[in-house]
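Please open the structure in your viewer and keep the selection tool at hand. The stops below say what to select and what is there.

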Amino acid sequence: MHLELYQFRTTSTPDLLRIVKFDECINVVKIHHIWRVGLKWKCDCPRGDFPTCRHRILRSVFEQEYMIDSGWFYNWEIAKWLPPISFITVNKGSK
Ligand SMILES: [Zn+2]
């Protein structure tokens, strides 16, 4: 099953956000950045010169739901949230 999962994270630079795209195994597929210029947001993706793109749409979704830096994943296709994976137990002694 093909999944496109996204996370939003703040950076040390104000108004610069990092978007991380994951596949269904939570491997990082792509990283993009968006940043605020006046009232608008710019994006470094191939559609960055267009008025908007998936990443800028996602920013409003994450902001409205207070999900930036939360660790939650957003599934773009079905518009649903997936919980963070930080609760998964890592058994370090098992190999
Ligand atoms: Zn973009």
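Select helix 1 together with the strands: the buried residues of helix 1 pack against strand 1, strand 2, strand 3 (28-37), strand 4 and strand 5. Helices (H or I, at least four residues) and strands (E, at least two) are DSSP runs, numbered from the N terminus. Packing rests on contacts, that is, C-beta atoms, placed from the backbone, that lie within 7 Å of each other. This is a predicted model, in which local features need pLDDT of at least 70 and side-chain atom pairs count only at pLDDT 80 or more, while totals for chains, interfaces and linings use all residues. Residues are numbered from 1 along each chain as its sequence is written.

Now colour the helix by burial. A residue is buried if 20 or more other C-beta atoms lie within 10 Å of its own, exposed if 12 or fewer, and partly exposed in between; C-beta atoms are placed from the backbone. Which residues of helix 1 are buried? They are His-55, Arg-56, Leu-58, Arg-59 and Phe-62. These lie on the same side of helix 1, because they cover an arc of only 155 degrees around the axis, the arc being that of the directions from the helix axis to the C-beta atoms. Turn to the other side of helix 1 to find Ile-57, Ser-60 and Gln-64, which are exposed.

Next, select Tyr-6, Phe-8, Leu-17, Ile-19, Ile-34, Cys-43, Leu-58, Phe-62, Phe-73 and Tyr-74, the 10 residues of the largest nonpolar core. Such a core is a set of buried Ala, Val, Leu, Ile, Met, Phe, Trp, Tyr and Cys residues joined through C-beta atoms within 7 Å. Strand 1 (5-10), strand 2 (16-22), helix 1 (54-64) and strand 5 (73-75) each supply at least two residues of this core.

Stay on Cys-43. Leaving aside residues up to four places away in sequence, Cys-43 touches His-32, Ile-34, Gly-48, Cys-53, His-55 and Arg-56.

Move to Pro-51, in the loop between strand 4 (40-43) and helix 1. Pro-51 has 7 other C-beta atoms within 10 Å and is therefore exposed. Its C-alpha atom is separated by 9.0 Å from that of Lys-40, 11 residues apart along the chain.

The last stops concern backbone angles. Most residues other than glycine have a negative phi. Tyr-66, which follows helix 1, has a positive phi near 55 degrees. Asp-69, in the loop between helix 1 and strand 5, has a positive phi near 65 degrees. Asp-69 counts as partly exposed because it has 13 C-beta neighbours inside 10 Å. Finish at Ala-79, in the loop between strand 5 and strand 6 (80-82), where phi is positive at about 55 degrees.

Key. Contact = placed C-beta atoms within 7 Å.
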